[in-house]
Amino acid sequence: MHIFHTIAELRQWRKTVANIAFVPTMGNLHDGHLALVERAKQEAEHVVVSIFVNRIQFGQGEDFDQYPRTLAQDADKLRAAGVAAVFAPDEAELYPAGEQQYFVEPPALKHELCGVSRPIHFRGVATVVSKLFNIVQPDVACFGKKDYQQVAIIQGMVADLNIPVRIVAVNTGRAADGLALSSRNQYLNAAERAEAPRLYRALQNIAQAAQAGNRDFAALAQAARDELHAHGWAVDYVEIRQRGSLKTAQAGDRQLVALAAAKLGNTRLIDNLEFDV
């Protein structure tokens, strides 16, 4: 497995290979990331994984400085998983001017859901992903559905900017109790970890009620928010949206997704559940 720290090194290697699947990450890898790698191996002959904690998607007061940097351990996991190359640049390599001067601006969706409390997040994501696509030039890229809004924005960006990368959305990896796998789960103390699966159960309750005939989506979302509040969560949002477009769900819609974000202690968790009615 190659580990590249510069764009020039990666591009030189890229000339020698074809048929690449790409998995962009911020490192601190867990089983959910490795599931993306396994899916990428099914999609292409060579897999490239990037590891880069992207400052421009973190807002003031968020955990950029505390985000774990575990390159040596991550490289061991990726080597064992059969990855062809890792791209692990530092900030000066990816942002040589010291800060990014040109940005990719997503549409209004960037201000909804997670974008309400993280107003610069999706601009930072879209910008760094577009840079990484230009550097790696993959045929396909795999993203986890846990970051459902991110996947929708990346899919829209690729379509709108005619970027020749096929996006594969991979189902969320979960612990045995249903908690979505996330690098931030390690911030939870024992009591919070025991409580954390309630977020997914709240989404399951929404899906079950809707499938049983309840089309009052606003009431279903409010009931989930109330349930989480009652157990000590600080709820950012719980919403039901149209799958794919993420437009607000209407009573006649059939393909839906319930999405939630909430803080448990100091840890912000997100999750979602696709369902049909």
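Me: How many residues of domain 1 are in contact with domain 2?
Reply: This is a predicted model, in which local features need pLDDT of at least 70, side-chain atom pairs count only at pLDDT 80 or more, and totals for chains, interfaces and linings use all residues. Residues are numbered from 1 along each chain as its sequence is written, and side-chain values use heavy atoms, with hydrogens and water left out. The domain assignment, which is automatic or taken from a database, gives domain 1 (2-170) and domain 2 (183-272). With contact meaning heavy atoms within 4.5 Å, 16 residues of domain 2 are touched by a set from domain 1 that numbers 21 residues.

Me: What area do domain 1 and domain 2 bury between them?
Reply: The size of an interface is often given as the accessible area lost when the parts come together. Buried area is therefore the accessible area (1.4 Å probe) that two parts lose on being put together, summed over both. Of the area between domain 1 and domain 2, 51% is on carbon and sulfur atoms, and the total is about 1600 Å².

Me: Which residue forms a salt bridge with Asp63?
Reply: A salt bridge is a side-chain nitrogen of Lys or Arg within 4 Å of a carboxyl oxygen of Asp or Glu. Between domain 1 and domain 2 the count is two salt bridges. For Asp63, the closest N and O atoms are 3.0 Å apart, and the partner is Arg184.

Me: Which helix supplies the largest share of the side of domain 1 that touches domain 2?
Reply: Helices (H or I, at least four residues) and strands (E, at least two) are DSSP runs, numbered from the N terminus. Helix H5 (114-117) and helix H7 (148-160) each supply at least two residues of this side. The largest share is three residues, and it comes from H7.

Me: Where is Gln57 found?
Reply: The UniProt annotation "binding site", from an unreviewed entry, covers Gln57 and Gln150; such annotations may be inferred rather than shown by experiment, and their positions are given in the numbering used here, with feature names shortened. Gln57 itself is found in the loop between strand E3 (46-51) and helix H3 (71-80).
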